[in-house]
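Please take a moment with the model below before reading on.

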Amino acid sequence: MPSTPPHNGPKGEWTPTRVKILTLLGMGVSQAEASCQTGVPHPTLNLWSKP
């Protein structure tokens, strides 16, 4: 089982994976599809998609 990516990079910046997730969600892709494309678990997507 892959580990969950960190919320932020070493200096507090968003990781490239998080940026990709938020971009996909912003384009109207469902959380399920974003999870399939990136391998990030649904609970993490829920946390990252909250404002």
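Angles between helix axes count as roughly parallel under 35 degrees, roughly antiparallel over 145, roughly perpendicular from 65 to 115, and oblique for the rest; the axes are lines fitted to C-alpha atoms, for helices over the stretch in contact, with angles running from 0 to 180 degrees between N-to-C directions. This is a predicted model, in which local features need pLDDT of at least 70 and side-chain atom pairs count only at pLDDT 80 or more, while totals for chains, interfaces and linings use all residues. Residues are numbered from 1 along each chain as its sequence is written, and side-chain values use heavy atoms, with hydrogens and water left out.

The protein has three helices and zero strands (DSSP runs numbered from the N terminus, helices being H or I of at least four residues and strands E of at least two), and the order of its elements from the N terminus is α-α-α. Of its 51 residues, 22% count as buried, where buried means under 20% relative accessible area, exposed over 50%, and partly exposed in between, with a 1.4 Å probe and protein chains only.

Helix 1, residues 16–26, has Arg 18, Ile 21 and Leu 24 as its buried residues. Viewed down the axis of helix 1, these buried residues fall within an arc of 125°, so they line one face of the helix; the arc is that of the directions from the helix axis to the C-beta atoms. The face turned away from this buried side carries the exposed residues Pro 16 and Gly 26. Lys 20, also placed in helix 1, is partly exposed, with a relative accessible area of 42%, and its C-alpha lies 9.8 Å from that of Gln 37, 17 residues apart in sequence. Just after helix 1, Gly 28 adopts a positive phi of about 95°.

What do the buried residues of helix 1 pack against? Their partners are helix 2 (31–38) and helix 3 (42–49), contact meaning heavy atoms within 4.5 Å. The axes of helix 1 and helix 3 come within 11 Å and cross at roughly 75°, and these two helices are therefore roughly perpendicular to each other. In this pairing, Thr 17, Arg 18, Ile 21, Leu 22 and Leu 25 of helix 1 meet Leu 45, Trp 48 and Ser 49 of helix 3. By class, the contact of helix 1 with helix 3 has five nonpolar, two polar and one charged residues, with Ala, Val, Leu, Ile, Met, Phe, Trp, Tyr, Cys and Pro counted as nonpolar, Asp, Glu, Lys and Arg as charged, and the others, Gly among them, as polar.
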